[in-house]
Each structure stands twice: as structure tokens, then as C-alpha cells.
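Open the structure in your viewer and keep the selection tool at hand. This tour goes from stop to stop.

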Amino acid sequence: MIFNKYPEEKIALRFAMRHNLVPPVNVMSLLEKYADIEEDSLPNDVDGICLEREGTKPLVIVDRFKPVKRKRFTLAHELGHIIIPWHSGTMICHTNKEVSIYENYLYAMFEQQANRFASEILIPTSWLKNMISSIKFKEQLIRTVIDIADVSLSAALIAIYKNLTPGNILLVTLNGVVQLKLTSPGTKYNIGKDLDILQLNSVSDINEKFQVGSYKVYCWEFSNSITPIINSNGKRELAKVILKRILESIERQDKLQSINGIIGAMNGTNKTSTKEELYSLLKQRIASDESLESFFKHPEFEYFLQCRVAELRK
Ligand SMILES: [Zn+2]
């Protein structure tokens, strides 16, 4: 049961068992047993502070302006600093920062350990695994974990994606800006380099897209544990494969020459056009051709055209 876990996760697990913790964990009353808690306005990005005091319980100060669910995570994180035996001294905490922002390696490690402790306390792995095996769709799974465990979207996603089978990819954006990218363990896909929404939509077995608050969440799933490794530079090859697939599915393989002809001619007479201009010219041209109606209406048509234009205007 406690295989493959970090020491701080094992500590959290034993702690949770001792206190009979079941989501939603009342983290405030739990922490009150170990520390005095105050809310205050803290500088910059600081979420919380854990002050060691001589002769009395530590003092935890939480930033009063952070969202409720994030405060809950911070409280569990500070509890981690108190319970994990090798953490000592005063901690100034930023619970959602990447390791790289810290110059002090040891401090960064402590922060990560406290985060892992907090995650295990609020979203226990055994409870989460039950949820994962009983809820098929990601949207429902994610919403359920957020609601029952009373955690933020990012806390839920990090815990969930650590426990999914290989072949799961996640992207979260806010106003078009990437906020979070995750893969389940064992997924052979380079999210740092290759992540392409349209590409993943076309090659994955299941894809879901939904909104949580202002965040857009994209989930892709491959039933085969080996995710296709897609070369993002291979737009030309990809466009070819998609075109072949579309034409086969609409049984119009005879249109291959004429489609390539239209694209070639349009590109030739609009050499100076931008990617967007060429895309819209081609779209109009193909839309106006009655003999290409089924091609134009195919769900993968736009994706094909984007790949083809990207290749012509790279
Ligand atoms: Zn901390």
C-alpha cells in the first residue's frame, strides 16, 4: 500500500490513518492541534509562514487574500513543515512555485516535500484511486475530487495525474496562456516540446475539453500505453496522413490531385500572404467548390488545412 512513495508521503499516510482523515479534511482544526494560526496580509506571492517559537507551539500565518481552497492547501503544507521530522526553522512558503525559482536547493526541496505531504493529507491516494477506478470521464472525475476533497483545480489535477495509467495528457489554459501541462507516469510524450492541441485531438482515443471557472481544461487519453511520438516538425507528413484519412473516409480518393492542385496554385499566386491569409483564402476556395463539399465538411478538414499551411509558411 505504501510502495513507491516519498518518505514525506508515507509520513502523511500514517498521520492520516492516526487521525482517521477522510475527505473533506478539516485541515484548520487539525492544524490547530499543532500550531497557533493567524490570517494576515503577506507580501508578494507568499502563501504562508511557519514560525518556530521557543517553548510554545509554532505560529502559522496564512495570507488572508488567497482563495479559500488555496488557503486550505497552504494550511496542510504548513502542517507538513511541522510534522516532517527533518523540517525545522522558519519557513516562508510559496505553495505553487516551481523549484527553479528558488536559489536555495534545500529550501526548494523542503517546499516540494511539504506540498507532497499536503496533497496526501487532502487527497489521500487510496481514496483517489477508488475515485479514478469508478469514474470514467475526466471531467466528472476532476469535478468530483475538487468538490469532495475541497481542493483547487491544480491540486486536484496534480494528484490525479500522478495516479493515472500511462497514456494520459493534460493541458490547462487561462485566457489562452498555458498554466499547467501534465502527463501520467510512463506516458511517452514530450509535453514541453510537442504539445499541440489539434494534433492530440486527432490522434488520441478520447479527448475532453471543459471549463472549470475561468480555466480551460484539455484531457487526452490513449488506450494504448505507448503514446504516438509525434514530431512537431513533421507537419508535411502529418498533413499527408490526415488528407489520406479524410479522403478514404468520404470515399473520394479521386480528389487527391485536385486538392493538391488547388493548394499549390493558391500558394503560387499568393507568395507574400501570411499564414492566416493563405489559410482563409484556401478555406474560401475549397468551400466554394461543390465537388469538394464532403471534404470541406469533414471534422478534420480544418486541422488538415492548418497543418498544410503551417508547412508552406514555416
Ligand atoms: Zn513551505
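**Stop 1**

Select residues 256–269 for α10 and 275–287 for α11. Their axes come within 10 Å and cross at roughly 135°. Axes are lines fitted to C-alpha atoms, for helices over the stretch in contact, and angles run from 0 to 180 degrees between N-to-C directions. Helices (H or I, at least four residues) and strands (E, at least two) are DSSP runs, numbered from the N terminus.

Now show the side chains of the contact. From α10, pick Ile-262, Ile-263, Met-266 and Asn-267; from α11, pick Leu-278, Leu-281, Leu-282, Arg-285 and Ile-286. Contact here asks for C-beta atoms, placed from the backbone, within 7 Å. Seven of these residues are nonpolar, one is polar and one is charged. Ala, Val, Leu, Ile, Met, Phe, Trp, Tyr, Cys and Pro count as nonpolar, Asp, Glu, Lys and Arg as charged, and the others, Gly among them, as polar.

A word on the model. It is predicted: local features need pLDDT of at least 70, side-chain atom pairs count only at pLDDT 80 or more, and totals for chains, interfaces and linings use all residues. Residues are numbered from 1 along each chain as its sequence is written.

**Stop 2: another helix pair**

Select α6 (138–149) and α7 (153–162). They pack at about 120°, with axes 9 Å apart. This pair, too, is therefore oblique. On α6, show Leu-141, Ile-142, Val-145, Ile-146 and Ala-149; on α7, show Leu-153, Ala-156, Leu-157 and Ile-160. What classes make up the contact of α6 with α7? Nine residues are nonpolar, with no polar and no charged ones.

**Stop 3: the sheet**

Colour the strands next. Four of them form an open, mixed sheet in the order β1-β3-β2-β4. Strands β1 (36–40) and β4 (91–93) stand at the edges with a single partner each, so one side of each has no neighbour in the sheet. From one strand to the next, the twist averages 15°.

Zoom in on β2 (48–51) and β3 (59–63): they run antiparallel, joined by four bridges. Two strands pair if DSSP finds at least two bridges between them. Click Gly-48; its bridge partner in β3 is Val-62.

Notes
Contact = placed C-beta atoms within 7 Å. Parallel < 35°, antiparallel > 145°, perpendicular 65-115°, else oblique.
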